[in-house]
Amino acid sequence: ISLSAIFVFGVGLVIMNAFPGVQYIRAGYQELFYPVAPGFLLWSLAMVFCVIAMVDATVRLTLWRLVQPLGEASLFVYLAHSLIIGKIYVPFFSPMTNQDYLVFFAALFGAMFLATSWLRGVRKTYRNMPAKLRWILG
């Protein structure tokens with residue numbers, strides 16, 4: 001699957017560059033992804049397949065076990081980072097320099113990792129949580 005994904009990736013890239021499709025300009029920025037051009041669609045689909053192939057080839061690496069708590073509580077991570085970005089980052093810290101952003105990103109990733117690792121223990125301790133809470137916490 002990885003060779004075919006790489007091939008489709010290349011074909012999509014060539015088509016995307018040869019026939020970019022209609023590009024809208026909104027508020028001074030060029031809209032790249034809408035309407036979807038066939039080349040971009042092939043390219044992005046191939047990207048997904050390439051990532052799946054890379055993960056499948058490296059599934060035994062310790063790295064994936066280290067970040068597994070993030071995947072086990074993905075809805076919690078999504079909700080928490082959306083709230084943090086919307087209620088803390090945008091009102092108090094934007095705009096940021098690249099260096100400040102990297103520090104913020106590293107802190108957010110670390111906080112999410114610690115929170116989801118803690119949630120793993122919570123889920124093991126409290127197995128009879130209400131269904132909605134269990135759904136949010138993973």
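These legends go with a few close-up views of a predicted model.

In this predicted model, local features need pLDDT of at least 70 and side-chain atom pairs count only at pLDDT 80 or more, while totals for chains, interfaces and linings use all residues. Residues are numbered from 1 along each chain as its sequence is written, and side-chain values use heavy atoms, with hydrogens and water left out.

**View 1. Here's helix α2, residues 38-57.** Helices are DSSP runs of H or I with at least four residues, numbered from the N terminus. α2 has 20 residues and reaches 28 Å from its first C-alpha to its last. That's close to the 28 Å expected at 1.5 Å a residue, the expected span being 1.5 Å times one less than the number of residues.

**View 2. Now for the buried residues of α2: G39, F40, A46, C50 and A53.** Seen down the helix axis, they fall within an arc of 145°, so they line one face of α2. (The arc is that of the directions from the axis to the C-beta atoms.) Buried means under 20% relative accessible area, exposed over 50%, and partly exposed in between, with a 1.4 Å probe and protein chains only. What covers these buried residues includes α1, residues 2-18. On the other side of α2, L41 and D56 are exposed.

**View 3. V51, M54, V55, L61, L63 and W64 make a nonpolar surface patch of about 530 Å².** α2 and α3 (62-66) are the elements that give two or more residues to the patch. The largest share, three residues, comes from α2. Patch residues have over 30% relative accessible area and no salt bridge (a Lys or Arg side-chain nitrogen within 4 Å of an Asp or Glu carboxyl oxygen), and nonpolar side chains are joined within 5 Å.

**View 4. Let's zoom in on V55, which lies in helix α2.** V55 counts as partly exposed because its relative accessibility is 33%.

Conventions
Patches are made of residues with over 30% relative accessible area and no salt bridge: like charges are joined within 9 Å, nonpolar side chains (Val, Leu, Ile, Met, Phe, Trp, Tyr) within 5 Å. Accessible areas come from the Shrake-Rupley method with a 1.4 Å probe; for residues, only the protein chains shown count as cover. Contact means heavy atoms within 4.5 Å.
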